[in-house]
Amino acid sequence: MRPVGKKVAPPRKRPPQSRRPPAPRKPKPKRPPRTLKLGRPTLRLRVTLGVMAFVLSLFAGRLILLQGVDPDSYALAATKENTKPFVLHASRGDIVDRNGAPLSVSEDAVAITADPSLTSKVAPELAAILSPKLSGTTYDELLQAMTKKGRFTYLAHQVSPQAWTQIAASIKLQNKDRAKAKQPLLTGLYTEADPIRNHPNGTIAANVVGVVGADGKGLSGLEYGLNDKLSGTDGKAMYEVDAKGNKIPNADHTVEEPKSGTGAQLTLDADLEWFAEKRIEQAVKQYKAESGTVVTIDLKNHEILTMANYPTFDPNKPVKSGALKNPALEQVYEPGSVQKVMTMAALADAGLISMDTKLQVPGSYTVQRRTIKDHFDHGLLNLTISGVVAKSSNVGTIMASQQMPIQQFVHYLKNFGFGDPTGLNFPGESRGLMPPGDEWSELTRSNVAFGQGLSANAVQMTAAVAAVADGGVFTPPKLVKNYLGPNGEVIPNPTAPSHRVVSETAAREVGLMMESVVGKGGSATQAQIPGYRVAGKTGTAQEVDSACSCYRKWATSFVGFAPADNPRFVTYVVLQNPTNGRGGGFQGGPVFRDVMSYALQKYAVPPTGAKAPVIPLTW
């Protein structure tokens, strides 16, 4: 719609226009045909010469770089393409006993290696020769190794020279036939030194010495604990090889010589160790025990002569990891009445008891509402302090120990070595368990006094009693006598410092009390040695069974020293959980007697000729 009232202008008319006709186009002139222009010969020659000069300058620059600026690095890179590395294994140090008898030594063996670039074409034939001669590997594993990428791989370690000689002979024989038939030769196998660990004396001290793994490193025992000293440092060599991987005679090579390991001379006596192992084996089997241990210390220098265990193992054969432990140091238990030796020594040193001490010992005793009894039923007994030890009375020991303050008692036991490592630095060693003094109750003191409530290992117990035998002076035991350098030098292993625990008088009095144990009326007459005075102590302790966390196992033991009036050796015997009878006197006493007799005879220790005093046990 248009808006109302608004006029719209009419459309404008365009004026007429005149049009001219288009002018006719003139035709374009035709271009002449193109002709090829020939280049100038002089210019083309100059360009060609310039390009050639540039290329030649590049070659010249590269040549200067190779031979003038850094020729060594490029020569080395080229050499690497045609060289082969060889490991030169260090000779592992020997472990010998105190007299030089070999316990663990290295013997010649080889590792077999392969160059897969050479063996891949004949791998099935080589695997068929190798697999019957090598243990621990299969035909398929060998085949896979010899056909993989690369130029170096190990096929087997610690192969005896005899086995490799047989393998090499088989390859040589087959190669004669293959050469006639124009077949590819069997090649690409090599060897390098890879010594094997051998134990000439089999099971002797196996738990102590330990074993070495296939990689040449210690797995247990001293082989593990002294691995850094024993193993030495491997060397290496680089040899130029031909296209078949064979060493090129008189070609350049580099050798970094290996450094031999340091050997260890132990304090153990292999003969005495063997006898102790056989004797504890008999006892374990006779009394159907789980295990047994014998430790002997020479009081002349506190060197350990025996650390015998049964069951044991042959380190020359495959061994399960669970059998590699050394129970003498790794197994802890509550020692039982052998602990009374240290309790009486502490009381005597403090002046709380003497040889004249007399006690009226009832059949039972109550401490903090717990009733403690002796191992035998009895009424009121009038016992001397020697009678308390000889009869191994728990009740009499508790009555005597209650005179000493707890903190003082703890101090004495710490000085005897309880709760602390032995100082042998043996792998896996347990320091035992002794509660801190501020945690002891009256009941704890009573239990510890007769050997319950604390735990120790067999070497700790032997060393503690050795302090009493040695006039009250505690000296840490010693297991490694010397280190043996690769050039034959002997490096003494220093002895740890000693300290006095109790007086010489107190130690002598306790020694007399212990003589009454093996005398008439004592609990271990089986431990007597004809012609010698013997001091000893029995032990029978309950043990916690981990299956129920309750007391239902036992440890029976006997410890003693001889000659009692001039002590030379201390021997400790312990049986773990015997099930055919139970008693430290008749089970451990005979083992002590036999091992101690052997030691006294071998080391020509004569009897003193003195007679044991008659000590009253009752009053």
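Lysine 288 counts as exposed, with a relative accessibility of 57%, where exposed means over 50% relative accessible area, as found with a 1.4 Å probe on protein chains only. The structure is a predicted model, in which local features need pLDDT of at least 70, side-chain atom pairs count only at pLDDT 80 or more, and totals for chains, interfaces and linings use all residues. Residues are numbered from 1 along each chain as its sequence is written, and side-chain values use heavy atoms, with hydrogens and water left out.

**View A. Positive phi at lysine 288.** Lysine 288, which is not a glycine, has a positive phi near 50°. Lysine 288 sits in the loop that runs between helix H10 (270–286) and strand E11 (291–298); helices (H or I, at least four residues) and strands (E, at least two) are DSSP runs, numbered from the N terminus.

**View B. Positive phi at serine 392.** For serine 392, also a residue other than glycine, phi is positive and near 55°. Its loop lies between helix H13 (385–390) and helix H14 (394–401), and serine 392 counts as buried at 4% relative accessibility, buried meaning under 20%.

View C. Proline 311 belongs to the loop between strand E12 (303–310) and helix H11 (327–330).
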